Each structure stands twice: as structure tokens, then as C-alpha cells.
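Me: I would like to learn how to read a structure feature by feature. Please take me through this one.

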Amino acid sequence: IMARSGGDALKIQENVFRGHRERVFDGNWPPLEHGGEHESVKADRFGGDVSWISQIPQCVVFTPSIDEFKDPLAYISSISPLASKYGICKIIPPILPSVPAGRVLMKEKSGFKFSTRVQPMSLSDWDSDNNKVTFLTSAQRYTFSEFEKMANKFHSRRFSTAAIQPPLFVEAEFWKEMLAGKSDHIQYASDVDGSAFSSSPADPLASSNWNLKIVSSLPKSILRLLETIIPGVTEPMLYIGMLFSMFAWHVEDHYLYSINYHHCGAPKTWYGVPGEAAQRFESVVKEEIYAEKLLSEHGQGAAYDLLIGKTTMFPPNILVKHGVPVYKAVQAPGEYVLTFPRSYHAGFSHGFNCGEAVNFAMADWFPFGAAACRRYSLLNRMPLLPHEELLWREAQGLDASDNEKKQNAESLMQMPVKSAFVQLMAFQHKVRWLLKERGAAIYTSLAAPINIPCSLCKHMCYVSFLTCKCFPEPTCLNHAQEMRKCQCGKERQVFLHRDIKKMDAVALRFQTVVSPLPVVDDGMVFDSALLEEDFLDGEEYSGYVPFDNIDAPDLESPIIFGSSVVTTNSDADADAKKSVDTCVNKAPVSAKSFDCFVLI
């Protein structure tokens, strides 16, 4: 089971390969610097007046019919051209559950308990490591009813009643509290394993395809191809909140879609920024939220790392002030909220409530997924999803459908898959050809495929990777500077996926029907070792023929990096073994910390 990125800011990283250990909240919140001049500066920075809350426009709301509601992903595809312009949208379903979430969590799930994260009711200055926000894990564990009692007690103290208050009133009170910077803190049970959809076949919503436990495995879902469970991504997680529990500004892992269902309790206010405005959002955060001193201390990419931590909260009026579109939704029980690829979003609870969320992806997600992978490479972060593998497996299925003459409107919706696959394979083929021209030995492995992290950027290599004396650990084909500097020539070896000929053939067939993909710029403009566009142009490509055959002898046996090397018999295998032997002997300790690398 892999872990999503949401907890990165909550944990102290011990070893990138050995997991994490939790920091636990002991009930003593560190003192906050506030009052007087500090509060005045913060009010000037964000605007002490909260009248702007009534000026944030509402997102679009959809009310599908029973017939439209049958197929979630088909319906979402139909509304996406309009809804994605808002970043978020609300869907009010035509049916409701018959089994309440409380009954599911207290009766159907015997012994269900959870811990919470403690959130300060204050806006950070983000000017030093000491002023970065951290949501610590509480040592206390609650049952569902225990947390409800605690949350209602807090709500009654704050408003002199446990009754739900008008949304605009609660929104104003939330931002007044945050701007005041008091030392109060609240609790939020986020990323709790499990689901509140009933297992009863008599429950109409739980028995539908809108049950979040099955969304990622639906036929049109790209994530159905994953063989690894990722809680919160492929399986839903619960979010149990109280008055002012917040989810800070963030974008989903790999720029995936998310679907969120509100099971019970008080409403939630959501803010969403359209994906097309993501770069403008990030520019405002870098210039207006994070202090230059903090960013300069942590190097290039620091702002993106901080955002990935999901603890950056600030009022949306600062975005509006700088021309970034922001839309709002007030989600009530029984309603879904969708977030679209690369759409930043944030929000808070109006009182005790329980929600549930999961990610999913459709064909139009692939360009966003590729941009997310590039960003993770620039930040040297291990990705959650094997992007190249997902793209190849989906492309294979579409190619088989094409061969069966199943062209229809649905197949046209899959065009982004074909375009993304042609783009990937055209890049791979062109770089492979150049490496061959420069003397590299190229092999096709017949071993079982596996994703191998690039030693330079952690990109998951599925189609190919290379090794040489300069970089004995496997690297991806995305590093132009290293390729230019490397003088290994024939001692540089490229290893290809066993299906490389099929991949090239499928890409060649797709090439005749695809249209250009929308450009999803990662927005990260700084020095990096990743491939520059001009590397694929110039005189050295004068003899290049797209998808022409490039000789790559088969390796009949798998070669293992790490504690042992498999002895092989063929000449190609023997040459590859010699290279790997050198890699293992010269590799630094970090390379040997992997259990093994198996050539794909």
C-alpha cells in the first residue's frame, strides 16, 4: 500500500525509502506571536474587512436525472467542459442513502475509532521555518459519537447554540477568527481509512455507481488499471470535522479529479480555482503569502513543496485582488462536490460533519498527469502513480477496440489517451535514436515489466532507462545536460520494455488520427537537469525517421540490481551483465538501499 502526499507536512522524514514517523500533539500548543502591531500588519496584508465573502461567485450546480445518474463518469464527462471552468462544481443527486453514516460507522463498523489533527486558528506569516504551519496528530482517539459530542460542545460555546448557522455568517466568523490570530486550536479527522457508504444492498445510493468505494474501478476510470492500493486515491477516506475545521489550499496528487460526498452534519464551504489559473494562483502565493527569506533558504521549488504539504491557508480575496478567479460552493449533506485536474481548492466546516472523498481519472486527465510527473521530477519527489504504465495499458485497450471496428462517440472521448501516448513514444523513440547514434548499446528486456525510479529525479521509468559509468544507477531519458556531458559512448546502455515494438507500432497507428494535446505548463521556470526542448532539434537529428526500427537485441533473462546479478548465457545478456556488475560495485549507498532493481 502506497501513501499519498497529504501527510508530508505532518511528518518528519527519516529516510526516503524507510517511511516516516509521526509527530504527536501532546495537548500543549506552542505559543503564537500575536497581538498589537502583529495583528495590524496581518490585517493590512490580507484585509481586515471580510465583506468580500459575499462577492465570491458561486460555482455551477448540476441536478442530474435518474437516467443521467446511472453512469458517473459518463455524466461527469458531459458536464466537464462547463464545470471545469469553475475548478469545482456541485452535484445534487436524485437519490439519497437509506442508511445514515452514523449507523454505518457505529454499527456496521464495530470498533471504529480515529485520531485527529490539531489545527491552529491563525494565519501564518510564512517568513521562517518557525512560522510554518504544521497540523500535528493528536494522541487522543475518538469514536464517531465521542467526536460529535466534543464538536457540538465547542459549537455551543462559540455560538451559544448547537444549531446550524447561516453560511455567510459562519464564513465571516471563520475568517475573523483566522485574522485575529488567537491561540485557539480545533481538530480535524482527515484522511481516515474507511467509508460511510452502507454495505446494505437495500441502500439506493450505496448500491449505485456513485458509491465512492467503486468509483476508481469503474470501466472508464484510468485508476482501474492500478494493481496497488493507494488509500484516498484508489480507495476513499473519511473526513470528520467540527466548527472551523479546515482543508488548506492544495491541488490533488498527480492533478487527479476528486469526488467528495457529504454524508451528514453541518455544511462545508469550498473555494475553487480553475485549473487554467493554477500558475497565476502559484505566482500569487509565492509573491504575497510566502516570504522571500523563507523561499530563498530552501532553494528552487520551495513554494511548490510548501503547497504540497497542504497546510497553506489564506483568504481567497487576496487571489481575487490579483486577478485569479475564485468560485465558492456551500456543500450540504447529500451533495457531491467535484474538483477538476490541477484545480486548487480549500475550505472549512460549519460544525460537526462527516464527508468522504476519493480520486479518479478519465481519458482527458493524461496531459495533466504528465505535467504533474514533470513537476515531481523537478522537485525530486517520488510519484504515486506509474504514469507511463497507465498510459500504455490504456492505449493497448484502445488499440484492441480500434481493431474490432468499435469507433463511436465514446472512442472519440478517448482521443487524449492516443495523443498522449503518441507524444510519449515519439519522445522516447527520438532520444533512443540519438543515443544509438552516439554509440549507446540498446537492449530489449524480456523480463517482467516493473517501474524503476530514476536516480536523478525519481521519475518512474517504464518504457526505458539507461546506465553508464557516469551514472551507474538507472536514469530516465529526460536529462539533456547529463546526456551532453556523458562520454561513455558504447559503455552507455539503454534498456527497453519487452513490448517496445508493440508500443512503437501502436503509436504509429495512433499518429494518423490524433490531434495536438492541450498544453499543460508546469509553470516551474528554474534551472534543472531535465530535458530542454531544444535538445530534440538541430543538425544531429538530420537523419532521423520517426518510429523507424532501432535494433535492440533481446535479453533473455532478467538482470537484478542490488545484492545479486543473474548470470545469463547470450552475448547480449553477458554484455548487459558486465555493465550492471560495474553499476553495483560503483553505486553509492543510496543505490544499494533498494531491495532490487529488475530491468524492464
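Me: Which strands does helix 5 lie across, and at about what angle does helix 5 run to strand 15?
Reply: This is a predicted model, and what follows should be read as such. Helix 5 lies across strand 10, strand 12, strand 13 and strand 15. Relative to strand 15 (345-349), helix 5 runs at about 105 degrees.

Me: In what order do the strands of that sheet stand?
Reply: Strands of a sheet pair through backbone hydrogen bonds, and the pairing is either parallel or antiparallel. Here the order is 10-15-12-13, in an open sheet of four strands with antiparallel pairing. Strand 10 and strand 13 (327-331) are the edge strands, each pairing on one side only. From one strand to the next, the twist averages 15 degrees.

Me: How many bridges join strand 12 to strand 13?
Reply: Strand 12 (residues 268-272) and strand 13 run antiparallel and are joined by five bridges. To find one of them in the viewer, take Gly272, whose bridge partner in strand 13 is Tyr327.

Me: Back to the helix: is Phe174 buried or exposed?
Reply: Phe174, which sits in helix 5 (residues 167-180), has a relative accessible area of 0% and is therefore buried. Leaving aside residues up to four places away in sequence, Phe174 touches Met121, Phe244, Met246, Met313 and Phe348. Sequence distance and spatial distance should be read separately. Phe174 and Ser245 are 71 residues apart in sequence, yet their C-alpha atoms are 9.6 Å apart.

Me: Why is strand 9 described as largely enclosed by the rest of the structure?
Reply: Strand 9 is largely enclosed because five of its five residues, 237-241, are buried.

Me: Which strands pair with strand 9?
Reply: Strand 8 (residues 185-193) pairs with strand 9 in the antiparallel sense over three bridges, and Val192 stands opposite Leu238. Strand 16 (residues 353-360) also runs antiparallel to strand 9, with five bridges between them. Gly355 in strand 16 is the bridge partner of Tyr239.

Me: Where is there a sheet with mixed pairing?
Reply: Look at the open sheet of four strands in the order 20-21-17-22, where the pairing is mixed. Strand 20 (464-467) and strand 22 (554-555) stand at the edges with a single partner strand each, so one side of each is left without a neighbour in the sheet. Inside this sheet, strand 17 (residues 441-445) and strand 21 (residues 493-496) pair in the parallel sense over four bridges. Ile442 has Val494 in strand 21 as its bridge partner.

Me: At what angle do helix 13 and helix 15 pack?
Reply: Two packed helices are described by the angle between their axes and the distance between the axes. Helix 13 (residues 415-437) and helix 15 (residues 500-510) pack at about 125 degrees, with axes 9 Å apart. That angle makes helix 13 oblique to helix 15. The crossing is left-handed. On the helix 13 side, the residues that meet helix 15 include Phe421, Met425 and His429; among those they meet in helix 15 are Met503, Val506 and Phe510.

Me: Which residues does Val513 touch?
Reply: Val513 lies in the loop between helix 15 and strand 22. Not counting residues up to four places away in sequence, Val513 touches Met415 and Lys418. With a relative accessibility of 43%, Val513 counts as partly exposed.

Me: How many helices and strands does the chain have?
Reply: The secondary structure comes to 17 helices and 24 strands. Of the 600 residues, 56% count as buried.

Technical notes: Residues are numbered from 1 along each chain as its sequence is written. This is a predicted model: local features need pLDDT of at least 70, side-chain atom pairs count only at pLDDT 80 or more; totals for chains, interfaces and linings use all residues. Side-chain values use heavy atoms; hydrogens and water are left out. Buried means under 20% relative accessible area, exposed over 50%, partly exposed in between (1.4 Å probe, protein chains only). Helices (H or I, at least four residues) and strands (E, at least two) are DSSP runs, numbered from the N terminus. Two strands pair if DSSP finds at least two bridges between them. Axes are lines fitted to C-alpha atoms, for helices over the stretch in contact, and angles run from 0 to 180 degrees between N-to-C directions. Angles under 35 degrees count as roughly parallel, over 145 as roughly antiparallel, 65 to 115 as roughly perpendicular and the rest as oblique. A crossing is left-handed if the near helix is turned anticlockwise from the far one by less than a right angle, and right-handed if clockwise. Contact means heavy atoms within 4.5 Å.
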